[in-house]
Amino acid sequence: MESSSLFAASLSSGQPDDSAPSSPTLLVVTGLSGAGKSTALQVLEDMGFFTADGLPPALLPEFLNLARKPDMEHFHGLALGMDFHRGATIQTLSEALGHVRAAGVRPALLFLEARPEVILRRYATTRRPHPMEREGLGLEQAVAEERRRLAPVREAADLVLDTSAFTLHDLRREIQHRWAQARAQAHAMRVHLLSFGFKYGAPSDADLIFDLRFLPNPYFVEELRPLSGRDAPVADYVFGDGPARLFRDRFLDFLLFLLPYYDSEGRYRLTLGLGCTGGRHRSVAMTELAARTLRQAGYAVTVEHRHRTLG
């Protein structure tokens with residue numbers, strides 16, 4: 001089966017399969033309710049993985065021990081759906097993943113998301129309650145609150161998939177394709193993208209700094225001023241003209257060209273600072289776009305908007 005070994009190189013201890021037969025593959029699947037976690041686990045089950053859903057993070061080490069039993073050898077690995085609706089936090093997940101790494105396994109975290117209007121439509125279609133509606137929230141409030149709470153988990157993910165436009169077959173192909181990329185690239189280096197405002201000073205912790213103050217400035221558009229670069233109208237304005245779009249495309253191509261050289265030098269972490277005047281609009285828009293691009297290329301990316309609420 002073509003997909004049977006797609007996960008091995010990217011999820012195991014980093015060694016080829018034949019040199020580390022005792023290191024099982026472990027994929028942690030989580031994300032927003034209604035984004036397709038159950039469907040993704042079904043796809044992974046069809047690919048030969050042992051799957052389980054609704055697990056609290058603290059049980060990860062126990063399932064890892066289960067994977068080492070002889071009668072589990074016919075599975076290609078574990079794909080475990082994590083549940084964050086019973087008191088679990090990013091801290092408990094981090095601790096559990098730490099125990100797993102200490103056991104010689106490099107787990108991978110897959111985060112599924114979809115646009116809010118898509119999730120609302122899916123719940124309206126299925127007529128099932130959103131898990132956070134138990135807290136007395138309306139559906140729209142529940143969707144927004146869950147997205148806020150899971151933001152740290154999303155930032156820690158090795159791969160983020162937006163399933164807004166996916167069918168079941170699309171999701172199957174996407175999982176196979178993305179992890180095939182991860183197998184081929186296997187980036188060890190983490191990239192930290194930092195947006196900031198020059199009027200507050202350039203960050204001393206950035207390895208590389210890019211000045212974006214030449215891009216169109218939404219600050220001077222009254223209706224855009226209170227928004228940030230994470231809002232679509234701001235990003236559309238920043239990259240709305242030909243020169244800005246050309247820069248955007250060449251800048252992203254430059255990052256994809258440059259980062260493998262740092263990666264090959266054995267860098268664990270590279271911090272890129274992207275600055276504009278106030279750190280609220282242009283730098284944030286470019287940082288968000290760069291983060292999506294680098295994640296799609298297989299990099300582990302974290303994002304910090306240092307001055308987004310000040311600019």
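This is a predicted model: local features need pLDDT of at least 70, side-chain atom pairs count only at pLDDT 80 or more; totals for chains, interfaces and linings use all residues.

User: OK, what share of the residues is buried?

Analyst: Buried residues account for 47% of the 311 in the protein.

User: And how many helices and strands are there?

Analyst: There are 11 helices and 9 strands. Of the contacts with a separation of 6 or more, 77% are between residues 24 or more positions apart.

User: Let's look at α3. Which of its residues are buried?

Analyst: In α3, residues 60-67, the buried ones are Leu 60, Phe 63, Leu 64 and Ala 67. Looking down the helix axis, they fall within an arc of 105 degrees, so they line one face of α3.

User: Why would residues three or four places apart point the same way?

Analyst: An α-helix has 3.6 residues a turn, so residues with that spacing point the same way.

User: What covers the buried residues of α3?

Analyst: The cover includes the strands β1 (26-31), β2 (50-55) and β3 (78-82), plus helix α4 (90-102).

User: Switching to rings. How many aromatic pairs does a search of the whole structure find?

Analyst: It finds 7. One of them is Phe 210 with Phe 254: the ring centres are 6.3 Å apart and the planes sit at 75 degrees, so that pair is edge-to-face. Phe 210 is in strand β7 (residues 208-211) and Phe 254 in helix α10, so the pair ties together parts 44 residues apart in sequence.

User: Are those two buried or exposed?

Analyst: Phe 210 is buried at 17% relative accessible area, while Phe 254 is partly exposed at 35%.

User: Which cluster do ring pairs link Phe 210 and Phe 254 into?

Analyst: The cluster is made up of Phe 210, Phe 214, Phe 247, Phe 251 and Phe 254. Phe 254 also belongs to a nonpolar surface patch with Phe 257 and Tyr 261, about 340 Å² of accessible area together. Tyr 261 sits in α10, residues 242-264.

User: Now charges. How many salt bridges does a search of the whole structure find?

Analyst: The search finds 13. Arg 154 and Glu 113 make one, with their closest N and O atoms 2.7 Å apart. Arg 154 is in helix α7 (residues 151-156) and Glu 113 in strand β4 (residues 108-113), so the bridge ties together parts 41 residues apart in sequence.

User: Buried or exposed, that pair?

Analyst: Both Arg 154 and Glu 113 are buried.

User: What does Arg 306 form with Asp 205?

Analyst: A salt bridge, with the closest N and O atoms 3.1 Å apart. Arg 306 is in the segment after β9 (300-305) and Asp 205 in the loop between β6 (190-197) and β7, so this pair ties together parts 101 residues apart in sequence. Arg 306 is partly exposed at 32%, and Asp 205 is partly exposed at 38%.

User: Which residues do shared partners join into one network?

Analyst: Glu 135, Glu 145, Arg 148 and Arg 149 are joined that way by salt bridges.

Definitions and conventions:
Residues are numbered from 1 along each chain as its sequence is written. Side-chain values use heavy atoms; hydrogens and water are left out. Buried means under 20% relative accessible area, exposed over 50%, partly exposed in between (1.4 Å probe, protein chains only). Helices (H or I, at least four residues) and strands (E, at least two) are DSSP runs, numbered from the N terminus. The arc is that of the directions from the helix axis to the C-beta atoms. Contact means heavy atoms within 4.5 Å. Patches are made of residues with over 30% relative accessible area and no salt bridge: like charges are joined within 9 Å, nonpolar side chains (Val, Leu, Ile, Met, Phe, Trp, Tyr) within 5 Å. Accessible areas come from the Shrake-Rupley method with a 1.4 Å probe; for residues, only the protein chains shown count as cover. A salt bridge is a side-chain nitrogen of Lys or Arg within 4 Å of a carboxyl oxygen of Asp or Glu. Rings of Phe, Tyr and Trp (its six-membered ring) pair if their centres lie within 6.5 Å; planes under 30 degrees apart count as stacked, over 60 as edge-to-face and the rest as tilted.
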